[in-house]
Amino acid sequence: MIQAALNIVGWVGLVGGGAFVIVGALGLVRLPDVYSRMHAAGITDTMGAWLMLVGMMAQSPDWLTAVKLFLIIVLIFFTSPTSTYALANAAYGGGVKPVGRDEEGASSNS
Amino acid sequence: MGHVISMGAALFATWLLLSGHFTGLLIGFGVASCLVVLVIARRMDVIDREAQPVHMTPRTCGYWVWLVKEIVLANIDVAKRIITPGLPIEPHLIRVKATQRDELGKVIYANSITLTPGTVTVDIDGEEFLVHALSQEAADDLATGEMDRRVTALEGEG
């Protein structure tokens, strides 16, 4: 019974996570500029990675392996936004102009 | 002192979970190595309320649950926009106010914005964040200021 539930969680996690990673990759190609492509990369970093790791946790042979996989989720949770910010800030500081309309005051690069 | 205890507990829990050894001698080695790290960190003066935010810990669990829910909803929204040709994608920059008192609160808020697909923090300018939003809905969602209020509440009175 428990094994069946764990198998279902594993299937849903791995297939769902894979689907989100594919959507993220599609967005990386489809979206217009570097800033909007970061949103697509964000999908891969969050739902894609989380669902896959949760699926792997359900399939892990013992609880210590599951804890280690959970620590990877925590690591991604803290490092991925930091690196995305570093990338976005570097692009902005380097003078890459975002595609699309400007909100008031946001276009002045002072 | 509370910060030292909390860091020691975190170090030892990590050691125990990553090693998986539960026998006397090896646990002794684990404790010893954690103590060495604590002494070094103490001498480097890096154990403070920023490294060990124990004043926030009781409230973080509720915030994380809320944040994960927001991230899941935003993920589904952005994924729909990518795979449906008709849905509007209108990237633009907005400015949002951050009401957090110290830098740690601002970092939590900025990282929460970035972690949510559809909004990325591009620049921090004192009390104001420059945020890149993928759609009008994502920008409006952020402009309500609910996330800002929750992170400020996380800081508490201390």
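**Contacts, core and helices**

Trainee: Leaving aside its neighbours within four places in sequence, which residues is Phe129(B) in contact with?
Mentor: First, a word on the model: it is predicted, so local features need pLDDT of at least 70 and side-chain atom pairs count only at pLDDT 80 or more, while totals for chains, interfaces and linings use all residues. Residues are numbered from 1 along each chain as its sequence is written, with chains lettered from A and ligands numbered from 1 in the order in which they are written. Two residues are in contact if their C-beta atoms, placed from the backbone, lie within 7 Å. Leaving aside neighbours within four places in sequence, the partners of Phe129(B) are Arg95(B), Val96(B), Ala98(B), Ala110(B), Ile113(B), Thr121(B) and Ile124(B).

Trainee: Which residues of the largest nonpolar core touch the most other members?
Mentor: Such a core is a set of buried Ala, Val, Leu, Ile, Met, Phe, Trp, Tyr and Cys residues joined through C-beta atoms within 7 Å. A residue is buried if 20 or more other C-beta atoms lie within 10 Å of its own, exposed if 12 or fewer, and partly exposed in between, with C-beta atoms placed from the backbone. Of the 45 residues in this core, those touching the most other members are Ile43(A), Tyr109(B), Phe129(B), Val131(B), Ala133(B) and Leu142(B).

Trainee: And which element gives this core its largest share?
Mentor: Helices (H or I, at least four residues) and strands (E, at least two) are DSSP runs, numbered from the N terminus. The largest share of the core is 13 residues, and they come from H2(A).

Trainee: What do the buried residues of H1(A) pack against?
Mentor: The buried residues of this helix are Gly13(A), Gly17(A), Phe20(A), Val23(A), Gly24(A) and Gly27(A). They pack against H2 of chain A together with H3 of chain B.

Trainee: How many residues of chain B are in contact with chain A, and which helix supplies the largest share of chain A's side?
Mentor: The contact joins 34 residues of chain A to 30 residues of chain B. Helices H1 (2-30), H2 (34-59) and H3 (63-93) of chain A each supply at least two residues of chain A's side. The largest share of that side, 10 residues, is from H3(A).

Trainee: What is the radius of gyration of chain A?
Mentor: Chain A has three helices and zero strands, and its C-alpha trace spans about 60 × 25 × 20 Å along the principal axes. Taken over C-alpha atoms, the radius is set against a globule rule of 2.2 Å times the number of residues to the power 0.38. A compact globule of 110 residues would come near 13 Å, but chain A has 18 Å.

Trainee: Is Asp45(B) buried or exposed?
Mentor: Asp45(B) sits in the loop between H2 and helix H3 (57-83) of chain B. Its phi is positive, about 65°, although Asp45(B) is not a glycine. Most residues other than glycine have a negative phi. Because it has 7 C-beta neighbours inside 10 Å, Asp45(B) counts as exposed.

Trainee: How many Å separate the centres of domain 1 and domain 2 of chain B?
Mentor: The bounds, from an automatic or database domain assignment, are 2-44 for domain 1 and 57-155 for domain 2. Taken over C-alpha atoms, the centres of these two domains of chain B are separated by 35 Å.
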